[in-house]
Amino acid sequence: MTQPSEPRESRRMAEPTMRDDRAGGRLEAFEGDTYVGVVVYFVLDAEPHALVAVHTVVEDGHEGKGVAGALVREFYATAAAEGVPVVPLCPYAAAWAERHPDEAPVAPSEVVRAAKLQLKATPELW
């Protein structure tokens with residue numbers, strides 16, 4: 001007889017510590033002193049200076065522990081505190097936003113267009 005698998009919740013880590021490196025365009029997650037993940041982003045040049053998520057990456061060995069979700073949740077919370085929208089160009093952030101519409105308001109279409117244009121103009125950065 002096989003043992004039941006460990007409940008999903010017990011594999012989740014405690015909430016990671018977040019560090020926002022605005023100049024570097026990185027919202028980083030740490031478990032203690034260990035770097036566990038990042039949302040790479042930029043600030044939209046045009047008004048209303050939206051935060052634009054480009055990539056969400058979780059380090060090997062830390063997948064499935066809620067790191068990516070915690071990062072994107074913090075990213076949206078940061079934008080809300082600053083009164084600016086989020087444009088989730090990162091596929092993970094976009095999927096997370098669809099699953100959490102109460103925490104992830106949809107950015108106006110003109111802001112999304114401006115974000116895509118800025119990303120296209122600076123592909124070497126991403």
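## Core packing and aromatic contacts

Phe30 is buried, its relative accessible area being 10%. The model is predicted, and every value below is computed from it.

**Phe30 and its surroundings**

Three aromatic pairs occur in the structure. In one of them, the ring centres of Phe30 and Tyr35 are 5.8 Å apart and the planes stand at 70 degrees; planes over 60 degrees apart count as edge-to-face, so the Phe30 and Tyr35 pair is edge-to-face.

Thr34 belongs to strand 3 and is partly exposed, with a relative accessible area of 41%. Neighbours within four places in sequence aside, Thr34 is in contact with Ala29 and His62. Between Thr34 and Pro16 the C-alpha to C-alpha distance is 9.8 Å, and the two are 18 residues apart in sequence.

| Residue | Relative accessible area | Class |
|---|---|---|
| Phe30 | 10% | buried |
| Thr34 | 41% | partly exposed |

**The nonpolar cores**

The largest nonpolar core has 20 residues, and within this core Val39, Phe75 and Tyr76 touch the most other members. At least two residues of this core come from each of strand 2 (26-31), strand 3 (34-43), strand 4 (51-58), helix 2 (67-82) and helix 3 (91-99). Helix 2 contributes the most, with six residues.

For Phe75, contacts beyond four places in sequence are made with Leu27, Val39, Tyr41, Leu51, Val52, Ala53 and Val86. There is also a second, separate core of nine residues, which includes Phe42, Val52, Val87 and Ala107.

**Helix 3**

Ala93, Trp96 and Ala97 are the buried residues of helix 3. Viewed down the helix 3 axis, these residues fall within an arc of 100 degrees, so they line one face of the helix. An α-helix has 3.6 residues a turn, so residues three or four places apart point the same way. The buried residues of helix 3 pack against strand 4, helix 2 and strand 5 (86-88). On the other side of helix 3, Pro91, Glu98 and Arg99 are exposed.

Conventions. Residues numbered from 1 in each chain as written. Predicted model: local features only at pLDDT ≥ 70, side-chain atom pairs only at ≥ 80, totals over all residues. Heavy atoms only, no water. Core = buried A, V, L, I, M, F, W, Y, C linked by side-chain atoms within 4.5 Å. Buried < 20%, exposed > 50% of the residue type's maximum accessible area, 1.4 Å probe, protein only. Helix = DSSP H or I, 4+ residues; strand = E, 2+ residues; numbered from the N terminus. Contact = heavy atoms within 4.5 Å. Phe/Tyr/Trp six-rings, centres within 6.5 Å; stacked < 30°, edge-to-face > 60°. Arc of directions from axis to C-beta.
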